[in-house]
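Colleague: I am new to this structure. Could you walk me through how to read it, feature by feature?

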Amino acid sequence: HAHTLGEMHELDLNPGATFGKALRVNNAGHVLIDGDSGLYRADVALNAGVVSEAGTRSLIAAATAVPDMNDAGEVSYIVGNAAYVWRDLDGDNDAEASETTQIPFMSTAFPNTQVFSINNTGQVVGTMRNDYARDIGFIWTDLNGDHVVDWDDTNQNGFFEANEPSSEVFRFHGDAGGINAPAGNTFVFDINDRGIAVGGYFDSSDRMAFIYDPIGGMRFLDDLIDPGFPLGLREANAINDAGHITAVGRQFSSSEDRLVLLTPLADAIEGDLDEDGFVGINDLNIVLANWNQSVPPGNTSLGDPTNDGFVGIDDLNEVLGHWNMGTPPGSGQAASIPEPGGVLLLGLGVLGVLRRGNGC
């Protein structure tokens with residue numbers, strides 16, 4: 001901050017450590033540090049201009065790789081060929097075994113799972129290796145909040161199998177042949193707080209960057225940009241909540257990678273749950289159809305624009321508060337916006353029906 005007064009503070013290392021690297025800092029004042037003693041989280045506070053650290057902290061794990069941390073202080077990381085998530089459930093800044101979740105392996109023949117990112121709603125993305133030694137990207141959403149990756153373990157062996165579904169884990173097929181197809185690898189590298197993820201698809205002949213969202217599904221970025229763009233996008237590594245994407249591109253006749261920043265042409269309209277460019281009855285019906293249900297956080301196709309994993313009054317108000325914004329599909333012109341009182345009455349009427357229907 002060249003024009004802002006501040007303070008530089010040397011962070012303490014764990015007892016016995018000789019070096020450490022500060023890898024992440026979140027909006028809650030947590031700092032993620034990795035060094036020769038392992039990975040640990042420090043709590044940092046600024047009081048009267050003085051930086052201080054919490055008195056106690058413990059190792060999350062030793063010899064980790066690719067760690068990430070969200071604003072809740074939840075940490076995802078890799079140890080060897082296994083992926084983990086740690087949540088400080090009791091708030092003591094100490095990593096107990098009961099607070100750590102292992103992302104299960106998908107294959108007994110090739111036990112390898114990696115995790116690359118965790119967003120502020122707790123969704124985790126990475127890749128799992130299948131029975132053909134191919135990597136299958138995934139998104140894990142802890143729908144019931146039990147900190148366990150729940151799936152139908154038909155074979156009761158503790159591993160994912162091709163025929164075992166999971167409502168909490170969305171897996172990206174290697175190709176159209178299916179989850180255990182012998183060709184194609186998918187890696188999911190990042191996910192934003194709206195549940196939109198980016199990554200890369202690799203096979204023996206090509207590499208392509210993709211984006212995934214709950215409404216549009218998995219799409220290659222080359223199909224969504226100007227066809228005259230001189231680079232082919234090979235992988236997408238990060239996405240923020242505004243939809244900006246960092247990616248790697250390469251000219252079609254070159255072997256040199258180039259860095260790319262993709263920017264959406266227009267900001268999404270708040271309350272437009274079906275993404276048709278207009279906030280209206282279709283968006284309202286999405287909320288009503290999923291009323292009082294737990295859904296993947298930020299899944300607007302299931303009525304959760306507020307990213308809290310539950311469809312309720314806040315989501316209803318998100319739609320009603322932006323009622324008639326945008327352009328009705330097929331009209332070519334903006335709709336006339338009714339008086340605010342009319343929208344408010346509509347909202348109160350719907351709310352009254354919903355309350356009566358829920359016995360409130």
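Colleague: How do I read the way helix α1 and helix α2 cross?

Modeller: Two packed helices are described by the angle between their axes and the distance between the axes. Here, the axes of α1 (residues 281-289) and α2 (residues 313-320) come within 10 Å and cross at roughly 175°. Axes are lines fitted to C-alpha atoms, for helices over the stretch in contact, with angles running from 0 to 180 degrees between N-to-C directions. The two helices are therefore roughly antiparallel to each other. Angles over 145 degrees count as roughly antiparallel, under 35 as roughly parallel, 65 to 115 as roughly perpendicular, and the rest as oblique.

Colleague: Which residues of α1 and α2 make the contact?

Modeller: From α1 come D283, L284 and V287, and from α2 come D315, L316, V319 and L320. Contact means heavy atoms within 4.5 Å. By class, the contact of α1 with α2 has five nonpolar residues, no polar ones and two charged ones. Ala, Val, Leu, Ile, Met, Phe, Trp, Tyr, Cys and Pro count as nonpolar; Asp, Glu, Lys and Arg count as charged; the others, Gly among them, are polar.

Colleague: What should I know about the model itself?

Modeller: It is predicted, so to speak with care: local features need pLDDT of at least 70, and side-chain atom pairs count only at pLDDT 80 or more, while totals for chains, interfaces and linings use all residues. Residues are numbered from 1 along each chain as its sequence is written, and side-chain values use heavy atoms, with hydrogens and water left out.

Colleague: How many helices and strands does the chain have?

Modeller: The chain has three helices and 20 strands. Helices (H or I, at least four residues) and strands (E, at least two) are DSSP runs, numbered from the N terminus. Of the 360 residues, 45% count as buried. Buried means under 20% relative accessible area, exposed over 50%, and partly exposed in between, with a 1.4 Å probe and protein chains only. Among contacts with a separation of 6 or more, 44% come from residues 24 or more positions apart.

Colleague: How much space lies in the second largest pocket?

Modeller: Rolling a probe the size of a water molecule over the atoms shows where empty space is left. The second largest pocket holds about 280 Å³. Its lining has 17 residues, and R24, D68, M69, N70 and I118 are the closest to its centre. A pocket is an open set of points on a 1 Å grid over the protein atoms alone, where a 1.4 Å probe fits, with protein on both sides within 12 Å along at least five of seven lines; lining residues have an atom within 4 Å of a point. Points are joined across faces, edges and corners, and the volume is the space filled by probe spheres set on them.

Colleague: Which strands supply the lining of that pocket?

Modeller: β1 (20-25), β6 (65-69), β10 (113-118) and β14 (185-191) each supply at least two residues. β1 gives the most, with three. The lining has six nonpolar, six polar and five charged residues.

Colleague: Is F160 buried or exposed?

Modeller: F160 is buried, with a relative accessible area of 0%. F160 lies in the loop between β12 (135-140) and β13 (169-171). Beyond its neighbours within four places in sequence, F160 is in contact with residues including F105, M128, W151 and R171. F160 and F105 are 55 residues apart in sequence, and 6.1 Å apart in space, C-alpha to C-alpha.
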